[in-house]
Amino acid sequence: MKIKILKYSFLTAILGIALWSCNKIDSTPVSNDLTSAQKQELEAEFKKGWKDIGEMVNGLPTLTIDKVQALENYNNNLFQMSHIEGNFNDVSIVKLADGSLALVFVGEVYSSSFYVRADQSGRLKAFSGTSCTTSDCSSELLGCVVKYESDLAYCSPCSNGGTCTKTSSSSSLF
């Protein structure tokens, strides 16, 4: 009888410890803040995404990249990543209706854009990791273009409600 009581007491104690340890809540605070090393790594990756594409000449944006290579690269990469056959046949830097610049790839059906900024020396750089592509509002100067809110890229909507596809990559798309 004593053995049965000891056996049940032992099993009850084990079961109690197991239940207690499963229900124990970790009160260690969790921080969502990045360490300075992580921030530097993200910044370095972000800086890698900026590709030198042109310069301002007499107040006009002028493309300086190899157009043929850029078109070939982007047509291939867009198809691989988003399954869009853009069949782009031209690329240029376009001044948008709001005064900003975009690197725009144009085909018979689709247009696709990348965000462009000028650096201190007047060189134009495009962020080559994010594009916005559409066939629904290709002729709009502010529809389906890459915009930024804080550090987050998004595609501006087509004014006609058409479809706009955002494609993002950790490497250059063009």
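**Salt bridges and one buried serine**

Arg123 is partly exposed, with a relative accessible area of 22%. The cut-off for buried is under 20%, so at 22% Arg123 falls in the partly exposed class. Keep in mind that this is a predicted model.

What does Arg123 pair with? One partner is Asp52, in a salt bridge with an N to O distance of 3.1 Å. Asp52 sits in strand 1, residues 50-57, and Arg123 in strand 6, residues 123-127, so this pair ties together parts 71 residues apart in sequence. Glu55 also forms a salt bridge with Arg123, at 2.9 Å, N to O. That pair again links strand 1 to strand 6, here across 68 residues.

The structure holds four salt bridges, and I will show one more. Lys67 pairs with Asp90, with the closest N and O atoms 3.1 Å apart. Lys67 belongs to helix 3, residues 67-82, and Asp90 to strand 3, residues 88-95; the two are 23 residues apart. Lys67 is partly exposed at 37% relative accessibility, and Asp90 is partly exposed at 34%.

Last item: Ser111. Is Ser111 buried or exposed? Ser111 is buried, at 11% relative accessible area. Ser111 is placed in strand 5, residues 111-118. Leaving out residues up to four places away in sequence, its contacts include Phe88, Phe105 and Cys132. Cys132 is 21 residues from Ser111 along the chain, with 8.4 Å between their C-alpha atoms.

How values were computed:
Residues are numbered from 1 along each chain as its sequence is written. This is a predicted model: local features need pLDDT of at least 70, side-chain atom pairs count only at pLDDT 80 or more; totals for chains, interfaces and linings use all residues. Side-chain values use heavy atoms; hydrogens and water are left out. Helices (H or I, at least four residues) and strands (E, at least two) are DSSP runs, numbered from the N terminus. Buried means under 20% relative accessible area, exposed over 50%, partly exposed in between (1.4 Å probe, protein chains only). Contact means heavy atoms within 4.5 Å. A salt bridge is a side-chain nitrogen of Lys or Arg within 4 Å of a carboxyl oxygen of Asp or Glu.
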